[in-house]
Structure formats: C-alpha cells, structure tokens
Amino acid sequence: MSDSDTTTGSAGTEGNDSYGHKPFKRSRSHFADRITADGRDGWPVEAGRYRLVVSRACPWASRALVSRRLLGLEDALSLAVADPIQDDRSWRFTLDPDGADPVLGIHHLSEAYDAREHGYPGGVSVPAIVDVPSGKLVTNDYQQITLDLATEWTALHRPGAPDLYPEPLRAEIDDVMEGIYRDVNNGVYKAGFASSQQEYDAAYEALFARLDQASARLADRRYLVGDTITEADIRFFTTLVRFDPVYHGHFKCNRNKLTEDPVLWAYARDLYQTPGFGDTVDFDHIKRHYYQVHTGINPTGIVPLGPDLSRWTTPHHRAQLGGRPFGDGTPPGPVPPGERVPPAHTA
C-alpha cells in the first residue's frame, strides 16, 4: 500500500507536509474485494479484464510487480505505472502520453476510486487493480492481492511458474511475514514518520531486533521459509532494496546499512539478481518519490546522489547454501520491452 495512506490523510500535498508531525498509522484497505477463480465477490479471474496500477517507488506495489513477473501474468494482467511524484490528487499518469493511462483513459488513479465510490474520503493508494470495462477500482488490498495472484490466478500462470505460497508451508510463511510486516515493512515508516522521540526509539529498536533475527535465520538457509522463493521473501525484499537508498538516512534507520550486514546484504543481492526481482526495481523512482514527496521530513526536496547502486550486481555466493529458487519450475522470461527499468547505478 502506498506510504501515503496514513492518519495524515490522503496522498495530497497537505498529507505529505504532515509527515513527522502526527502519529503514524497505516490504514486498512477500504476496498477489499477479491478477484477469485470462482468470482465469489463478483470479480472472476479473467485474462485481459483487469489492470494493475503501481508506483515503482512504493514497496507495497513492488510486491505485486515481483509476483506478476514470477508467475508470468504480464499478458493476463496489464500494467499501469504512475509517476513517482504525486500532485494534490495523488498518483497520476504523467509518464504516459497526454498524461492519461492509455487503457483506462484517466489522468489520476483517484478517478477509478471515484468511479467505484463517489466521494470516497480516504487516501488513494497503490497497488490497485481496476476493472477495465467499467473503469472501477476493484481492490487496493495490498496484503491480499499478491496472495490471490499466487493462488487464485493459477489457470493463467505461465508454464513453470513457482508456487509462491505452498500450502504445507503457509502457517510458517504467515508467521514469518507477520513479524516482518510489523517490525520491518511497517517499522521503517513508524521510525521515519515518528512524531516523538519515544515513538521513534520503539520503532527503531523493533526494526533492528527483527533484522537481526532475520539475519540469524538466513545465515545457514537461502530463503526465509523452505528451500524456494516464497511470498515471505518477496515482502522482505521490497523493504531491503530500499534500505540504504532511503530508509537508512531519510527515515533515520541508521544503526547500520544493509551493506554492513553480510548475511542480509548477500541475501538481498541474491534475490535482486534473480529474474523477477531486480528487473522490476527502479531506484530513480524510489529515491525521487521519498525525498521529493515527503516534504514534512525533507522540506528541501534534495535527492541524495548515493549510494553506489552498482554493488547490487556483485557476487553473493548464496547458492552454496543450496535451495532451488523456483522449486520445480523455471525462471520467468524476458521483461516485456515496455516494462524495462534502468540498471542500478550511482545516480
């Protein structure tokens, strides 16, 4: 979910100015309909019917990008990428010709929200899935979207798609993900948007305690749960890949950098170099969004030049731990030409 959907209000300029001045709280997804194989919520899985709207800056949206790539859903679920810099109506399609999404024909994601519920007062968040025929938002439930892509969209998965949420391991995956969500995925925001020293201290301590625990867990195993990539690794990766470029400095999560933890740094590079992960990451979008949009904690809007992002492609030696990234499956194919992102480098 977008970092902008908090008690600070919607993702407009007023909300962005409020970061660091009000207590941080992540809102529940207001639109929690599910797209399922049996269509029980009125939204059946159907190739070409829906459009996934993301910002490459947003870690919650990045989960959906990685899952979509790994499962080979590019042809079944089209992609709209929002500008990383928001205006007072939040996510906008100014990266597209004429500033409008070419499929939905809208200039702002809020128009799809309004088509679903006129006058909806909450924040406009990504990831979001929109029903193309009606132009209505279906769901912005960032926690459920990727689970459904893995389990409900199986008829449209590519041959060789991995099982990202294997049933025998779901209880363990859920347990690992719950701690990572609370203390890491959400924890960096609790620290970065803290409005008091006490609030910041608590978030900081919980964050690094959980990172230390994950580092110990991954010291002798390649992946978080089992011997293949699962939903847990996807959710952890999208925070780790942003840690040094953004969270270490911008959010004051500065006990140490990711690059200073040998285990987590190697683990993150292993995933980054796995097809489906690094090829969805746009560091330019990530850095510009956080440093230019969060005016409440970075009023100058200056975007730092570092760190040296080329190190993401250096050897990680994690394969010696064993594991099979895709289980009995295969890597995803090449990134579609229209979805390629620039390689990592120092900005």
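The buried residues of helix α7 (residues 197-217) pack against α5 (170-185), α6 (187-192), α8 (231-247) and α9 (262-272), where contact means heavy atoms within 4.5 Å and where helices (H or I, at least four residues) and strands (E, at least two) are DSSP runs numbered from the N terminus. The model is a predicted one, in which local features need pLDDT of at least 70 and side-chain atom pairs count only at pLDDT 80 or more, while totals for chains, interfaces and linings use all residues. Residues are numbered from 1 along each chain as its sequence is written, and side-chain values use heavy atoms, with hydrogens and water left out.

Helix α7 has 21 residues and reaches 30 Å from its first C-alpha to its last, close to the 30 Å expected at 1.5 Å a residue, the expected span being 1.5 Å times one less than the number of residues. Among the buried residues of α7 are Tyr200, Tyr204, Leu207, Phe208, Arg210 and Leu211, with buried meaning under 20% relative accessible area, exposed over 50% and partly exposed in between (1.4 Å probe, protein chains only). Seen down the axis of α7, its buried residues fall within an arc of 160°, so they line one face of the helix; the arc is that of the directions from the helix axis to the C-beta atoms. On the other side of α7, Gln198, Glu205 and Ala216 are exposed.

For "active site", an unreviewed UniProt entry lists Cys58 and Tyr189; UniProt positions are given in the numbering used here, feature names are shortened, and annotations may be inferred rather than shown by experiment. Although spread over 132 residues of sequence, the two cluster in space, with a largest C-alpha distance of 12.1 Å. Tyr189 is found in helix α6 and counts as buried at 0% relative accessibility. Cys58 lies in the loop between β1 and α2 and is likewise buried, with a relative accessible area of 0%.

An open sheet of four strands has the order β2-β1-β3-β4, with mixed pairing, two strands being paired if DSSP finds at least two bridges between them. Strands β2 (78-81) and β4 (136-139) stand at the edges with a single partner strand each, so one side of each is left without a neighbour in the sheet. Strand β1 (residues 50-54) pairs with β2 in the parallel sense over four bridges, and Ser78 in β2 is the bridge partner of Arg51. Helix α2 (residues 59-71) lies across β1 and β2, running at about 130° to β1, where axes are lines fitted to C-alpha atoms, for helices over the stretch in contact, and angles run from 0 to 180 degrees between N-to-C directions.
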